[in-house]
Amino acid sequence: MKALVTGGNGPVGSHIVDLLISKGYEVRILGTLANEAQFLGKNLINKKAELLKGNIVNLSDVEKAIEGVDLVFHQAALTRFASETAKYYEINAVGTANIFDAIKRKNAKIKKVIFASTTSVYGEGKYLCEEHGFQYPDPRPISQLEKKDWELKCEKCNKNMKPVPTDEASLLKPTSPYAQTKIAGEWITLSASAALKIPVVVLRTPLIYGEREYKRVFQMFANSLYNGKEITLNEDGNQLRDCLHM
(Lines give C-alpha, C1' and ligand atoms only; values in the text may rest on other atoms or scores of the structure.)
Protein backbone atom coordinates (compact mmCIF):
# COMPACT_ATOMS: atom_id res chain seq x y z
CA MET A 1 0.00 0.00 0.00
CA LYS A 2 1.06 3.61 -0.53
CA ALA A 3 0.67 6.39 2.03
CA LEU A 4 0.80 10.16 1.73
CA VAL A 5 2.17 12.03 4.75
CA THR A 6 1.66 15.79 4.55
CA GLY A 7 4.35 17.49 6.60
CA GLY A 8 6.31 14.25 6.50
CA ASN A 9 9.57 16.17 6.75
CA GLY A 10 8.58 17.58 10.16
CA PRO A 11 9.38 16.32 13.66
CA VAL A 12 6.20 14.24 13.99
CA GLY A 13 5.50 13.42 10.36
CA SER A 14 9.02 12.05 9.89
CA HIS A 15 8.38 9.48 12.64
CA ILE A 16 5.21 8.38 10.83
CA VAL A 17 7.16 8.08 7.57
CA ASP A 18 9.86 5.97 9.21
CA LEU A 19 7.31 3.65 10.83
CA LEU A 20 5.34 3.18 7.61
CA ILE A 21 8.47 2.37 5.62
CA SER A 22 9.60 -0.10 8.30
CA LYS A 23 6.27 -1.88 7.81
CA GLY A 24 6.68 -2.13 4.05
CA TYR A 25 4.59 0.83 2.86
CA GLU A 26 5.50 3.05 -0.04
CA VAL A 27 5.49 6.62 1.25
CA ARG A 28 5.12 10.00 -0.41
CA ILE A 29 5.83 13.20 1.52
CA LEU A 30 4.17 16.51 0.68
CA GLY A 31 6.15 19.27 2.36
CA THR A 32 7.66 22.70 1.97
CA LEU A 33 11.13 23.76 3.11
CA ALA A 34 10.23 27.43 3.21
CA ASN A 35 11.50 28.40 6.65
CA GLU A 36 14.31 27.49 9.02
CA ALA A 37 12.35 24.96 11.03
CA GLN A 38 11.26 23.16 7.90
CA PHE A 39 14.77 23.33 6.49
CA LEU A 40 15.95 21.43 9.54
CA GLY A 41 13.31 18.88 8.66
CA LYS A 42 15.08 18.24 5.37
CA ASN A 43 17.56 16.09 7.30
CA LEU A 44 14.68 14.04 8.70
CA ILE A 45 13.44 12.78 5.34
CA ASN A 46 13.72 9.03 4.98
CA LYS A 47 15.71 8.27 1.83
CA LYS A 48 13.25 5.54 0.91
CA ALA A 49 10.38 8.04 0.77
CA GLU A 50 9.32 10.09 -2.25
CA LEU A 51 9.52 13.83 -1.56
CA LEU A 52 7.06 16.06 -3.37
CA LYS A 53 7.85 19.69 -2.61
CA GLY A 54 4.61 21.58 -2.40
CA ASN A 55 2.12 23.33 -0.16
CA ILE A 56 -1.25 22.11 1.09
CA VAL A 57 -2.75 25.55 0.43
CA ASN A 58 -2.20 24.93 -3.32
CA LEU A 59 -4.88 22.55 -4.55
CA SER A 60 -2.80 21.56 -7.59
CA ASP A 61 0.03 20.42 -5.30
CA VAL A 62 -2.37 18.35 -3.23
CA GLU A 63 -3.89 16.79 -6.36
CA LYS A 64 -0.44 15.62 -7.46
CA ALA A 65 0.30 14.28 -4.00
CA ILE A 66 -2.96 12.34 -3.72
CA GLU A 67 -2.53 10.35 -6.94
CA GLY A 68 -2.10 6.63 -6.42
CA VAL A 69 -2.14 6.63 -2.60
CA ASP A 70 -4.27 4.49 -0.30
CA LEU A 71 -3.82 6.25 3.05
CA VAL A 72 -3.42 9.91 4.03
CA PHE A 73 -1.73 11.08 7.24
CA HIS A 74 -2.45 14.80 7.38
CA GLN A 75 0.22 16.31 9.65
CA ALA A 76 1.02 19.58 7.86
CA ALA A 77 -0.11 22.60 9.88
CA LEU A 78 0.88 26.02 11.14
CA THR A 79 1.71 25.41 14.81
CA ARG A 80 4.14 28.18 15.75
CA PHE A 81 3.10 31.65 16.91
CA ALA A 82 2.29 33.72 13.83
CA SER A 83 1.41 37.40 13.74
CA GLU A 84 -1.28 36.93 11.08
CA THR A 85 -4.39 35.10 12.26
CA ALA A 86 -5.49 34.54 8.68
CA LYS A 87 -2.41 32.35 8.09
CA TYR A 88 -3.77 29.77 10.53
CA TYR A 89 -7.07 29.59 8.65
CA GLU A 90 -5.34 29.43 5.29
CA ILE A 91 -3.02 26.57 6.23
CA ASN A 92 -4.93 24.61 8.88
CA ALA A 93 -8.50 24.97 7.57
CA VAL A 94 -8.23 25.60 3.83
CA GLY A 95 -5.25 23.24 3.61
CA THR A 96 -7.34 20.47 5.18
CA ALA A 97 -10.27 21.22 2.86
CA ASN A 98 -7.89 20.89 -0.09
CA ILE A 99 -7.12 17.30 0.92
CA PHE A 100 -10.74 16.29 0.44
CA ASP A 101 -11.34 18.52 -2.58
CA ALA A 102 -8.37 16.82 -4.24
CA ILE A 103 -9.71 13.38 -3.35
CA LYS A 104 -13.07 14.27 -4.89
CA ARG A 105 -11.64 15.91 -8.03
CA LYS A 106 -9.25 13.02 -8.68
CA ASN A 107 -11.79 10.37 -7.64
CA ALA A 108 -9.01 8.95 -5.48
CA LYS A 109 -9.70 5.60 -3.84
CA ILE A 110 -8.56 6.53 -0.36
CA LYS A 111 -9.06 3.86 2.31
CA LYS A 112 -8.53 6.10 5.36
CA VAL A 113 -7.50 9.64 6.39
CA ILE A 114 -5.77 10.29 9.72
CA PHE A 115 -6.00 13.95 10.79
CA ALA A 116 -3.67 15.43 13.41
CA SER A 117 -5.58 17.68 15.80
CA THR A 118 -4.61 18.89 19.27
CA THR A 119 -5.73 18.90 22.90
CA SER A 120 -5.58 22.71 22.62
CA VAL A 121 -9.19 22.50 21.40
CA TYR A 122 -10.16 22.04 25.08
CA GLY A 123 -8.68 25.37 26.14
CA GLU A 124 -7.84 25.35 29.86
CA GLY A 125 -9.32 21.86 30.13
CA LYS A 126 -11.34 20.22 32.87
CA TYR A 127 -11.26 21.29 36.53
CA LEU A 128 -12.98 20.23 39.72
CA CYS A 129 -14.47 22.38 42.47
CA GLU A 130 -15.06 20.22 45.53
CA GLU A 131 -18.35 22.04 46.19
CA HIS A 132 -19.72 22.73 42.70
CA GLY A 133 -18.33 19.88 40.59
CA PHE A 134 -16.61 19.76 37.21
CA GLN A 135 -16.11 22.96 35.23
CA TYR A 136 -14.41 24.15 32.04
CA PRO A 137 -13.03 27.58 32.96
CA ASP A 138 -12.24 30.48 30.68
CA PRO A 139 -8.68 31.82 30.54
CA ARG A 140 -7.69 33.76 33.66
CA PRO A 141 -8.46 37.50 33.45
CA ILE A 142 -5.61 40.01 33.27
CA SER A 143 -6.70 41.55 36.56
CA GLN A 144 -6.10 38.22 38.31
CA LEU A 145 -2.72 37.65 36.66
CA GLU A 146 -1.58 41.15 37.67
CA LYS A 147 -2.09 40.07 41.28
CA LYS A 148 0.11 37.00 40.63
CA ASP A 149 -2.81 34.75 41.43
CA TRP A 150 -2.28 31.86 39.03
CA GLU A 151 -5.02 29.37 39.96
CA LEU A 152 -8.24 28.66 38.05
CA LYS A 153 -11.28 29.73 40.07
CA CYS A 154 -14.73 28.25 40.50
CA GLU A 155 -17.28 30.38 38.68
CA LYS A 156 -19.68 30.12 41.63
CA CYS A 157 -17.61 30.30 44.83
CA ASN A 158 -14.33 31.72 43.41
CA LYS A 159 -12.28 29.09 45.24
CA ASN A 160 -9.25 27.46 43.66
CA MET A 161 -10.10 24.43 41.55
CA LYS A 162 -8.14 21.22 41.01
CA PRO A 163 -7.08 20.18 37.48
CA VAL A 164 -8.35 16.73 36.47
CA PRO A 165 -7.78 14.61 33.33
CA THR A 166 -9.53 16.15 30.32
CA ASP A 167 -11.49 13.35 28.67
CA GLU A 168 -12.57 13.27 25.04
CA ALA A 169 -16.14 14.31 25.91
CA SER A 170 -14.97 17.51 27.62
CA LEU A 171 -16.30 20.88 26.51
CA LEU A 172 -14.45 22.40 23.56
CA LYS A 173 -13.06 25.88 24.28
CA PRO A 174 -10.51 26.75 21.58
CA THR A 175 -9.09 30.12 22.65
CA SER A 176 -6.22 30.47 20.14
CA PRO A 177 -6.27 30.74 16.34
CA TYR A 178 -4.32 27.48 16.21
CA ALA A 179 -6.92 25.61 18.27
CA GLN A 180 -9.83 27.24 16.44
CA THR A 181 -8.48 26.22 13.05
CA LYS A 182 -7.75 22.70 14.26
CA ILE A 183 -11.41 22.42 15.26
CA ALA A 184 -12.32 23.64 11.78
CA GLY A 185 -10.05 20.95 10.36
CA GLU A 186 -11.79 18.32 12.48
CA TRP A 187 -15.22 19.38 11.22
CA ILE A 188 -14.02 19.46 7.63
CA THR A 189 -12.57 15.98 8.04
CA LEU A 190 -15.66 14.50 9.68
CA SER A 191 -18.13 16.04 7.23
CA ALA A 192 -16.02 15.02 4.23
CA SER A 193 -15.85 11.51 5.64
CA ALA A 194 -19.63 11.27 5.57
CA ALA A 195 -19.94 12.82 2.12
CA LEU A 196 -17.17 10.81 0.46
CA LYS A 197 -17.67 7.64 2.53
CA ILE A 198 -14.05 7.56 3.64
CA PRO A 199 -13.12 6.30 7.13
CA VAL A 200 -11.27 8.97 9.13
CA VAL A 201 -9.48 9.20 12.45
CA VAL A 202 -8.98 12.45 14.38
CA LEU A 203 -6.12 12.41 16.89
CA ARG A 204 -6.06 15.10 19.59
CA THR A 205 -2.49 14.87 20.81
CA PRO A 206 -0.95 16.87 23.67
CA LEU A 207 2.34 18.78 23.50
CA ILE A 208 4.79 16.61 21.55
CA TYR A 209 8.48 16.74 22.27
CA GLY A 210 11.53 14.76 21.21
CA GLU A 211 14.94 14.79 19.61
CA ARG A 212 13.55 15.94 16.26
CA GLU A 213 11.83 19.04 17.61
CA TYR A 214 13.17 22.49 16.83
CA LYS A 215 13.37 25.33 19.36
CA ARG A 216 10.69 23.94 21.64
CA VAL A 217 10.61 24.44 25.38
CA PHE A 218 12.24 21.13 26.35
CA GLN A 219 15.17 21.75 24.03
CA MET A 220 15.55 25.23 25.52
CA PHE A 221 15.54 23.77 29.06
CA ALA A 222 18.03 21.07 28.11
CA ASN A 223 20.37 23.55 26.44
CA SER A 224 20.27 25.82 29.50
CA LEU A 225 21.09 22.93 31.83
CA TYR A 226 23.86 21.67 29.56
CA ASN A 227 25.46 25.11 29.47
CA GLY A 228 25.10 25.73 33.19
CA LYS A 229 22.46 28.43 32.79
CA GLU A 230 19.30 29.02 34.81
CA ILE A 231 15.93 27.85 33.53
CA THR A 232 13.20 30.48 33.44
CA LEU A 233 9.78 29.30 34.59
CA ASN A 234 6.86 31.69 34.30
CA GLU A 235 4.29 32.08 37.09
CA ASP A 236 4.88 29.86 40.16
CA GLY A 237 6.25 26.78 38.39
CA ASN A 238 3.39 24.56 39.56
CA GLN A 239 1.47 24.46 36.28
CA LEU A 240 0.86 21.07 34.68
CA ARG A 241 1.04 20.05 31.02
CA ASP A 242 0.45 16.72 29.29
CA CYS A 243 3.35 15.79 27.02
CA LEU A 244 4.00 13.05 24.51
CA HIS A 245 7.52 11.96 23.58
CA MET A 246 8.32 11.02 20.00
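**View 1. Helix α4 has a kink.** In this predicted model, α4 bends by about 30°, with the kink centred on V94. The helix covers residues 85-106, which makes 22 residues. At 1.5 Å a residue, α4 should span 32 Å. Just after α4 comes N107, which takes a positive phi of about 50°.

**View 2. Helix α4 has a buried set of residues.** Y88, N92, A93, G95 and T96 are among the buried residues of α4. N98, I99, F100, A102 and I103 are buried in α4 too. What covers them? The cover includes the strands β1 (2-6), β4 (71-74) and β5 (112-118). It also includes the helices α3 (59-66) and α6 (177-196).

View 3. The side chains of E90 and K87 meet at 3.7 Å, N to O. How far apart are E90 and K87 in helix α4? They are 3 residues apart, so about one helical turn separates them. An α-helix has 3.6 residues a turn, so residues three or four places apart point the same way. E90 has 33% relative accessibility and therefore counts as partly exposed. K87 is partly exposed as well, at 35%.

**View 4. Six strands form an open sheet.** The order is β3-β2-β1-β4-β5-β9, and the pairing is parallel. Which strands stand at the edges? They are β3 (50-53) and β9 (200-205). Each has a single partner strand, so one side of each is left without a neighbour in the sheet. Neighbouring strands are turned by 20° against each other on average, direction ignored.

**View 5. Strands β1 and β2 pair side by side.** Strand β2 holds residues 26-31. It pairs with β1 in the parallel sense, over 5 bridges.

View 6. Helix α4 lies across β1, β4 and β5. It runs at about 170° to β4. Helix α6 lies across β5 and β9. Its angle to β5 is about 160°.

**View 7. A salt bridge joins D70 and K111.** Their side chains meet at 3.3 Å, N to O. This pair links distant parts of the chain, 41 residues apart. D70 is in the loop between α3 and β4, while K111 is in the loop between α4 and β5. Is D70 buried or exposed? Its relative accessibility is 16%, so D70 counts as buried. Buried means under 20% relative accessible area. K111 reaches 47% and so counts as partly exposed.

**View 8. Another salt bridge joins K173 and D138.** The side chains meet at 2.7 Å, N to O. Here too the pair links distant parts of the chain, 35 residues apart. K173 is in the loop between β8 (162-163) and α6. D138 is in the loop between β7 (133-135) and α5 (142-146). K173 is partly exposed, with a relative accessible area of 22%.

**View 9. Some salt bridges share partners.** K2, R28 and E50 are joined into one network in this way. How many salt bridges does a search of the whole structure find? It finds 12.

Notes: Residues numbered from 1 in each chain as written. Predicted model: local features only at pLDDT ≥ 70, side-chain atom pairs only at ≥ 80, totals over all residues. Heavy atoms only, no water. Helix = DSSP H or I, 4+ residues; strand = E, 2+ residues; numbered from the N terminus. Expected span 1.5 Å × (residues − 1). Bend = angle between axes of the 7 residues up to and from the residue. Buried < 20%, exposed > 50% of the residue type's maximum accessible area, 1.4 Å probe, protein only. Contact = heavy atoms within 4.5 Å. Pairing = 2+ DSSP bridges. Axes fitted to C-alpha atoms, helices over the stretch in contact; angles between N-to-C directions. Salt bridge = Lys/Arg side-chain N within 4 Å of Asp/Glu carboxyl O.
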